[in-house]
Amino acid sequence: MDVIILQLFNGFSISSILLLIALGLSITFGLMKVINMAHGELIMIGAYTAYVVQNLFADYMPASMFGWYFALAIPVSFAVAFVFGLVLEMGLIRFLYGRPLDSLLATWGVGLMLQQLARSIFGAPNVGVKSPAWLDGGMTVGDNVFPYKRLFIIGLVLVCLLVMYLYIYRSHPGRRMRAVMQNREMAACLGISTRRVDATTFAIGSGIAGIAGCALTLIGPIGPTIGTYYIVDAFMVVVLGGVGKLVGTVFGALGIGLSNTLFEYWTTASLGKVLVFLCIVAFLQWKPSGFVAMRSRSLDN
Amino acid sequence: MLAVQQLEAGYGESVILRGVTLQVRPGQVVCLLGRNGVGKTTLMKSIMGVLKARKGTVSYKGDDLTRRAPGQRAKKGIGYVPQGREVFAQLTVFENVLLGLEASGSKTRVIPDAAIAKFPVLPAMYDRRGGDLSGGQQQQLAFARALASEPDLLLLDEPCEGIQPSIVDDIRDVIRAIKADGKTSILLAEQSLEFVKSVGDYFYILEKGAVAWEGGLADLNDEVIRQYLTV
């Protein structure tokens, strides 16, 4: 029984990390259809932002305050990645809408540049971010220990999901955003500034990648190429979940995270990964549009 | 109010409009007639700004709009009901109508009663998705969305296309009601001669991308119809 609970917890933990790195992509790729290969580097930017905030706290704040650097690092990571995303959209992406291959190559190049930028500033070796003391240890239930860091990431994902849901589906800017993504021309005819909506939407997706990067500092050391580890997983989650729907991304992350844990438990780490990929390939053969497909009688185009 | 001067527009290499000149005066219902492919929809798109004009000007209330984006034209008070309705399929009916308010610039976000009162079926369907409505319901939704911004000029592109007769009658009533209010002018592109005769004040007939004939209701006689409209 304990084993099952522990494996389930691990599954949810992995799912939460996958979801966090895929959430931003579900906006830039899912909603905007931009293949942004630099998404991983936006995650990396968020991670290094957390590192910088930590160092600033260590240098300038009293030691007793150090534990709270992480609470500040999350919004700052969002803001820094948001600004990078905004510059990227205004300087490059906006010329490449509707040209997936071009944007794939161009953003990949941007990703390489950002990696080199990180290497030049912070050096090639990985750097460690010391987690705040209040996230050390874990919650003991029966014989199992659930680390606070993992629980914190699960909570962070839930908060991000909730805020994103409220923004996209319940706010005025969110409504404008969905209108532009569905029918750009008509949205423009109604007086919506499609340029501004594009820029902010992309920047928000990038900002969420920044939060993901900030959370990844809790799991391990970070380096200039940290984003490349996660970019494939992120795209996989979004494609498996079904492009364009938030709830699809949630299912995608849960599906991959849980099956990954179970397969690894039943077999070995590498064979488990292979089995997960096989399942995804098989599933996409059966349902090419993913878990949650958009259906409507007027959506034939 | 709306003045189009020697407008030329087209898609890619092909030129569709070859120097169209027309006017819409305040409170008038001006109808645009012509066989298929003479450029009615292209003209509507050029007036709204979806299509860029190659030559000529579009001016509205004395302002030159020729180089303005569609959104700015909407904010100037031009409402657009496009051909094919173009409702946002994934958004609810209510959200669709709310989006009509974007151009009005009001911060209150309240849908004017006048916009929705003419379509009593819509409030009952507020929570359904726009894409789930029937064609006729979508047409009414597109109307309500355009009226939400309380435009001074309404561009209607084939509002009766593929719509059941009872809703065509409803749309006719709506156009007449707008006309009776006298606050909003209408430019109506339509195939059905019977329909435009029942609502129009002034008529333009397009042929090969230019105005071939214009005149009032009394002048729109059988000979004109035979010459320009009979297939």
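**Figure 1. Met37(A) and its contacts.** Met37(A) touches Leu104(A), Thr107(A), Trp108(A), Ile231(A) and Phe235(A), leaving out residues up to four places away in sequence. Contact means heavy atoms within 4.5 Å. This is a predicted model, in which local features need pLDDT of at least 70, side-chain atom pairs count only at pLDDT 80 or more, and totals for chains, interfaces and linings use all residues. Residues are numbered from 1 along each chain as its sequence is written, chains are lettered from A and ligands numbered from 1 in the order in which they are written, and side-chain values use heavy atoms, with hydrogens and water left out. Met37(A) sits in the loop between α1 (2-31) and α2 (39-60) of chain A. Helices (H or I, at least four residues) and strands (E, at least two) are DSSP runs, numbered from the N terminus. At 24% relative accessibility, Met37(A) is partly exposed. Buried means under 20% relative accessible area, exposed over 50%, and partly exposed in between (1.4 Å probe, protein chains only). Phe291(A) is 254 residues from Met37(A) along the chain, and their C-alpha atoms are separated by 23 Å.

**Figure 2. Helix α8 of chain A.** This helix covers residues 194-216 and has 23 residues. At 1.5 Å a residue it should span 33 Å, and its end C-alpha atoms are 33 Å apart, which agrees. The expected span is 1.5 Å times one less than the number of residues. α8(A) is mostly covered, with 20 of its 23 residues buried.

Figure 3. An unreviewed UniProt entry lists "transmembrane region" for several stretches of chain A, including residues 42-60 and 100-118. UniProt positions are given in the numbering used here, feature names are shortened, and annotations may be inferred rather than shown by experiment. In the model, residues 42-60 of chain A are 100% helix and 0% strand, with end C-alpha atoms 27 Å apart. Residues 100-118 of chain A are likewise 100% helix and 0% strand. Their end C-alpha atoms are 26 Å apart.

**Figure 4. Chain B as a whole.** Chain B has eight helices and 10 strands. Its radius of gyration is 17 Å, close to the 17 Å that the globule rule gives for 231 residues, so chain B is as compact as a globular protein of that length. The radius is taken over C-alpha atoms, and the globule rule is 2.2 Å times the number of residues to the power 0.38. Along the principal axes, the C-alpha atoms of chain B fill a box of roughly 45 × 40 × 35 Å. Of the 231 residues in chain B, 55% are buried. Among contacts in chain B between residues at least 6 apart in sequence, 66% join residues at least 24 apart. Chain B exposes about 9,700 Å², and carbon and sulfur atoms supply 48% of this area. Areas come from the Shrake-Rupley method with a 1.4 Å probe; for residues, only the protein chains shown count as cover.

**Figure 5. Salt bridge between Glu207(B) and Arg35(B).** The side chains of Glu207(B) and Arg35(B) form a salt bridge, 3.3 Å from N to O. The pair links distant parts of the chain, 172 residues apart. Glu207(B) is in strand β9 (residues 202-207) of chain B, and Arg35(B) is in the loop between β3 (29-33) and α1 (40-48) of chain B. A salt bridge is a side-chain nitrogen of Lys or Arg within 4 Å of a carboxyl oxygen of Asp or Glu. Glu207(B) is partly exposed at 27% relative accessible area, and Arg35(B) is partly exposed at 25%.

Figure 6. Glu194(B) pairs with Arg172(B) in a salt bridge, the closest N and O atoms being 3.3 Å apart. Glu194(B) is in helix α7 (residues 193-199) and Arg172(B) in helix α6 (residues 165-181), 22 residues apart. Glu194(B) is exposed at 52% relative accessibility, whereas Arg172(B) is buried at 10%. Asp169(B), Arg172(B) and Glu194(B) are linked in a network of salt bridges.

**Figure 7. Asn96(B) and its surroundings.** Asn96(B) lies in helix α3 (residues 93-99) of chain B. Its relative accessible area is 0%, so Asn96(B) is buried. Not counting residues up to four places away in sequence, Asn96(B) touches Val87(B), Phe88(B), Leu91(B), Gly130(B), Leu141(B) and Arg145(B).
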